[in-house]
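Please walk me through this structure in short steps.

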Amino acid sequence: MPILKKQDPKIYKAIQGELKRQREGMELIASENYVSEAVLEALGTVFTNKYSEGYPGRRYYGGQEFTDVVENLAIERAKKLFGAEHVNVQPLSGAPANMIAYSAVLKPGDKVLGMDLSHGGHLTHGHPVTLSAQVYDFVRYKTGADGKIDYKELEAMAIKEKPQMILAGFSAYTRQLDYKKFAAIAKKVGAITMFDIAHIAGLIAGKALPNPVPYFDIVTTTTHKTLRGPRGGMILCKEKFAKAIDKAAFPGFQGGPHMNNIAAKAVAFGEALKPSFARYAAQILKNAKVLEIELKKYGFKIMFGGTDNHMVLVDVFGSKGVTGKEAEKALDKVGITLNKNMIPDDPRSPMDPSGVRIGVPAVTTRGMKEREIVKIARWINDVVENHADEKKLKVIHKEVIALCKKFPVYGNLK
Ligand SMILES: *Cc1c(COP(=O)(O)O)cnc(C)c1O
C-alpha cells in the first residue's frame, strides 16, 4: 500500500498493526475468519464508487453493465450453494438482513417466537435493547435441561402464543437443530419459518451440516463468519416471498447496495463452491469436537452437553472459579482471542458473565488440525488456571506466536 503509506501514515500504521495481530494471534472468536486475498482484492476496487439502487436489469442510475455482472454472479452462486429459490445479496450485514426479513413479512406488533439470548440466540432476535423488540412482540423460548431445544415445549408455546413467525438461529447454541420438527411446529400454527444461519452458513455450504433451506420460508445469514466472505448479509427465500424481501431491502430499509462488497461476496461464493471448501467445513467440525473433548479432560464444563458445529460454550466460572471477563483478558495477553459469553440463565452480568465462547473457523482456515487444537486446549487451561501469573503468561505467549508462524496467513500482503 505505497500510496496510503505516504498519504496517511497513521491509518497505514494501524492497518499494519492489525495485519501483524492477525498473523501472530490465535483467533478463536467463533464469528471471525480470514478471507482470501482474492476476496480482499475485490473489496478494494472501484466498485465502491458506484451507485446501483435497484436490482440487476432494473436500476435507478445509469452505467450498470458491470454491477449487474457481479450481482447476478453472486446471486447465481449463492443459489447453487444453498439450493435456494430466491436470493438477495444486498443486505449490508446480518443485523440489517434480519430487520429486512421481519419487515418483509410482519406488521408492527406481530408476534415472533425467538431463542433467548442467554441460551444462544442473537440480539436481533428480539432482545429488549434492540429496535426489533420495539417493533415486534417477541416471546422467547429456551433450551431444556439436556441442553437441547425442547420441541414439546416449543410446540406448546406456539399453540398458546399463535405467533406470526417462528424464528431459529443462534450465536452461541452449539447443537444441531431438527429442521423437520421445527418446521412442523410452525406449520401446525400457520407461522412463517425463518432461520438465521449467520454462524453456520459455511458449514451448510460445505455440506458438513444438513441444508435447512428446503425447510424454511426465509433464511438469513452473514457472509463473513464460517462462509468466509466479506462482511455482509444475505437473504434466501422461497419464491413466494421474493418480491416482499426485495422490496423490503430496497427501498424499504436500505439505499444503494455496496457493490465492492457484492463483488467480494461473489468471489467468496465461488470459493465455497469448490471441493476444498467442503474439506474445510469438515475439518472445522473435527477440530471443534477435539476442542470439546480436550477441554472436558481439563475439567471444563461444556454447555449444551457438547457441540455439533464450529464452537463450544464453556462455563469457566462454574468449572474453574474464573469469570468470563477474567478468562478473556488473560487469554488476550497470550495472543489467544475469544469472547466472554453468557451461559443459559447466567446468574452473572452480561459484562462479566460465567462463560467464554470458543470457535475454530479461523484457525482451521490457517490449516490447523487436531494436533494444534490439542495444544490450544492445553494453553487455554494453563492460562485460565494461572491467569494472574504474568511470567507464565509471557512464556505461553511466545509459544502461541511460534505456532501461528508455522501456519502463515496473508503471505502476499505488505
Ligand atoms: C453475527 C450474527 C448476526 C449479526 O450480524 P452482523 O453482521 O454483526 O450484523 C445476526 N444473527 C446471528 C445469529 C449472528 O450470529
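This is a predicted model: local features need pLDDT of at least 70, side-chain atom pairs count only at pLDDT 80 or more; totals for chains, interfaces and linings use all residues.

Strand 5 and strand 7 (residues 165-169) run parallel and are joined by two bridges. Helices (H or I, at least four residues) and strands (E, at least two) are DSSP runs, numbered from the N terminus. Two strands pair if DSSP finds at least two bridges between them. Residues are numbered from 1 along each chain as its sequence is written, and side-chain values use heavy atoms, with hydrogens and water left out.

Strand 5 (residues 111-115) also pairs with strand 6 (residues 137-141), in the parallel sense and over five bridges. Here Leu113 stands opposite Val139. How many residues of strand 5 are buried? Five of its five are. Buried means under 20% relative accessible area, exposed means over 50%, and partly exposed lies in between (1.4 Å probe, protein chains only). Both faces of the strand are covered. Lys111, Leu113 and Met115 lie on one side. Val112 and Gly114 lie on the other.

Strands of a sheet pair through backbone hydrogen bonds, either parallel or antiparallel. Strand 11 pairs with strand 12 (residues 311-315) in the antiparallel sense, over two bridges. The bridge partner of Lys301 in strand 12 is Asp315.

Now turn to the ligand. Its surroundings comprise 13 residues, and the closest are Ser93, Ala95, Ser171, Asp196 and Lys225. A residue is near a molecule or strand if one of its heavy atoms lies within 4 Å of it. Which helix gives the largest share of the shell? Helix 5 (residues 94-105) does, with three residues. By class, the shell has three nonpolar, eight polar and two charged residues. Ala, Val, Leu, Ile, Met, Phe, Trp, Tyr, Cys and Pro count as nonpolar, Asp, Glu, Lys and Arg as charged, and the others, Gly among them, as polar.

Look at the ligand's oxygen atoms. One is 2.5 Å from an N or O atom in the side chain of Ser93. A polar backbone atom of Ala95 is 2.8 Å from an oxygen atom of the ligand. For Lys225, an N or O atom of the side chain is 2.8 Å from a ligand oxygen. The protein covers 85% of the 380 Å² of accessible area that the ligand has on its own. Accessible areas come from the Shrake-Rupley method with a 1.4 Å probe; for residues, only the protein chains shown count as cover.

Next come some single residues. Gln283 is found in helix 12 (residues 275-297). Why does Gln283 count as buried? Because its relative accessible area is 10%. A polar contact of 3.1 Å joins its side chain to that of Glu370. Such a contact is a pair of N or O atoms within 3.5 Å; within protein, one must be able to donate a hydrogen and the other to accept it, and residues adjacent in sequence count only if both atoms are side-chain atoms.

Thr222 is found in strand 9 (residues 218-222). Thr222 is buried, at 4% relative accessible area. Its side chain reaches the backbone oxygen of Ala198 at 3.1 Å.
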